Amino acid sequence: MSLTVCETFYSLMGESTAAGLAAFFIRLAGCNLRCRYCDTTYAYEGGMGRSIADLVGQGRTFPVRLALVTGGEPLLQADTPALLVQLADAGFTVFLETNGSLPIRDLDPRVRRIVDLKCPGSGMSAHNYWPNLKWLAPGDEVKFVISDRPDFDWAVKIIKERDLTSRVPVLISPVFGVVTPRDAAAWILASGLPLRLNLQLHKYIWGPEVRGV
Ligand code: SF4
């Protein structure tokens with residue numbers, strides 16, 4: 001079994017409730033969406049074929065047992081579920097970041113899913129696979145990337161309708177360089193909801209254009 005891999009690296013988690021923790025990153029190639037704010041366009045095409053055993057073995061060379069499988073959209077590849085299983089079998093806490101357009105239902109229950117809900121500002125909100133919200137489990141997280149105030153208002157509407165904050169951590173991620181952290185913080189505070197401001201730490205640490213960090 002093999003996957004088409006854009007890049008692998010060892011760095012700090014930039015997002016999610018695990019932000020700031022060291023982790024082994026596997027960025028898979030290919031994406032079925034084209035978000036207006038996409039910062040990983042280099043993952044759309046190309047990539048190198050790597051076996052699952054090779055990837056798990058590389059992960060073992062690092063001094064932590066935390067792994068993030070991301071993209072692109074990792075669930076496009078048929079062998080991604082097996083990769084997640086084998087990482088978990090190898091003792092990793094496994095996070096999967098998915099764009100929310102494909103079903104998460106049949107993944108190994110040990111996998112912690114970070115599920116995007118695409119806001120209107122992404123241009124991709126028609127691709128949200130809504131049944132995923134039924135299958136959220138403890139350990140999962142939902143992320144809204146916010147391009148503007150209307151996106152935030154849309155997110156709040158969905159969060160309330162679906163009672164998301166009572167089920168999983170809900171991340172509000174302002175688009176870097178477009179919505180200031182201060183504005184996003186003010187909106188969260190005014191909402192009165194238990195939302196988590198999700199800044200992309202890696203961009204503040206290493207700069208917005210640096211890959212592989
Ligand atoms: S889902 Fe992610 S990788 Fe795909 S276009 Fe959107 S931001 Fe880029």
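Biologist: Which residues touch the most other members of the largest nonpolar core?

Modeller: Of its 48 residues, those are Ala-67, Val-69, Val-94 and Ile-146. This is a predicted model, in which local features need pLDDT of at least 70, side-chain atom pairs count only at pLDDT 80 or more, and totals for chains, interfaces and linings use all residues. Residues are numbered from 1 along each chain as its sequence is written.

Biologist: What makes a set of residues a nonpolar core?

Modeller: The members are buried Ala, Val, Leu, Ile, Met, Phe, Trp, Tyr and Cys residues joined through C-beta atoms within 7 Å. Buried means 20 or more other C-beta atoms within 10 Å of a residue's own, exposed means 12 or fewer, and partly exposed is in between, with C-beta atoms placed from the backbone.

Biologist: Which strand gives the most to the core?

Modeller: Strand S2 (residues 22-28) does, with five residues. Strands (E, at least two residues) and helices (H or I, at least four) are DSSP runs numbered from the N terminus.

Biologist: Which residues does Ala-67 touch?

Modeller: Leaving out residues up to four places away in sequence, Ala-67 touches Ala-23, Phe-24, Ile-26, Gly-59, Leu-87, Phe-92 and Val-94. Contact requires C-beta atoms, placed from the backbone, within 7 Å.

Biologist: Why is Pro-138 called exposed?

Modeller: Pro-138 has 8 other C-beta atoms within 10 Å, so it is exposed. This residue, Pro-138, lies in the loop between S6 and S7.

Biologist: How do you know that the span of helix H3 agrees with its number of residues?

Modeller: The expected span is 1.5 Å times one less than the number of residues. For the 14 residues of H3 (residues 149-162) that gives 20 Å, and the end C-alpha atoms are 20 Å apart, so the two agree.

Biologist: What makes the buried residues of H3 line one face?

Modeller: The buried residues are Asp-151, Phe-152, Ala-155, Val-156 and Ile-159. Seen down the axis of H3, they fall within an arc of 140 degrees, so they line one face of the helix. The arc is that of the directions from the helix axis to the C-beta atoms. On the other side of H3, Pro-150, Lys-157, Lys-160 and Glu-161 are exposed. What covers the buried residues includes strand S7 (141-146), strand S8 (170-174) and helix H4 (181-191).

Biologist: Why are S3 and S9 said to stand at the edges of the sheet?

Modeller: The open sheet has nine strands in the order S3-S1-S2-S4-S5-S6-S7-S8-S9, with mixed pairing. Strand S3 (48-51) and strand S9 (196-197) each have a single partner strand, so one side of each is left without a neighbour in the sheet. Two strands pair if DSSP finds at least two bridges between them.

Biologist: How do you know that S7 pairs with S6 and S8?

Modeller: Strand S6 (residues 112-116) and S7 share three bridges in the parallel sense, and five bridges join S7 to S8, which run parallel. Val-142 in S7 is the bridge partner of Val-115, while Phe-144 stands opposite Ile-172 in S8.

Biologist: What makes S7 mostly covered?

Modeller: Six of its six residues are buried. Glu-141, Lys-143 and Val-145 are on one side, and Val-142, Phe-144 and Ile-146 on the other, so that both faces are covered.

How values were computed:
Contact = placed C-beta atoms within 7 Å.
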